[in-house]
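Welcome, and thanks for taking a look. Please have the viewer open as you read the short report that follows.

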Amino acid sequence: MPATSTDRRQLVTIDGKQFLFQHGYRFGKVTYITRMPLTKSMTVFTAGHLAADEVVAVVRGDNPWMLD
């Protein structure tokens, strides 16, 4: 059984840039956040299953380099 489920993938736009986020498990509940289109490795994971507004906060606060 895969750690992530395709039915949980969601797109969110932050400052005109698209991000895909999905829930999974890696030593507990996590949310994977990937910058789209995937032209280079720009994926982070954060603890918990986050909602769209929480993903925005994580990208802007903890991972602002993803917006470059």
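## The salt bridge

R60 and D15 join their side chains in a salt bridge, at 2.5 Å from N to O; the term stands for a side-chain nitrogen of Lys or Arg within 4 Å of a carboxyl oxygen of Asp or Glu. The two partners lie 45 residues apart, with R60 in helix α1 and D15 in the loop between β1 and β2, so distant parts of the chain are linked. Helices (H or I, at least four residues) and strands (E, at least two) are DSSP runs, numbered from the N terminus. Searching the whole structure gives 1 salt bridge.

R60 is partly exposed, at 43% relative accessible area, and D15 is also partly exposed, at 48%. Here buried means under 20% relative accessible area, exposed over 50%, and partly exposed in between (1.4 Å probe, protein chains only).

## About the model

This is a predicted model, in which local features need pLDDT of at least 70 and side-chain atom pairs count only at pLDDT 80 or more, while totals for chains, interfaces and linings use all residues. Residues are numbered from 1 along each chain as its sequence is written, and side-chain values use heavy atoms, leaving out hydrogens and water.

## The two sides of α1

Helix α1 spans residues 52-61, and its buried residues are V55, V56, V58 and V59. They sit on the same side of α1 because they cover an arc of only 165° around the axis, taken from the directions from the helix axis to the C-beta atoms. D53 and G61, on the other side, are exposed.

The buried residues of α1 pack against β1 (10-14), β2 (17-25), β3 (29-36) and β4 (43-47), where contact means heavy atoms within 4.5 Å.
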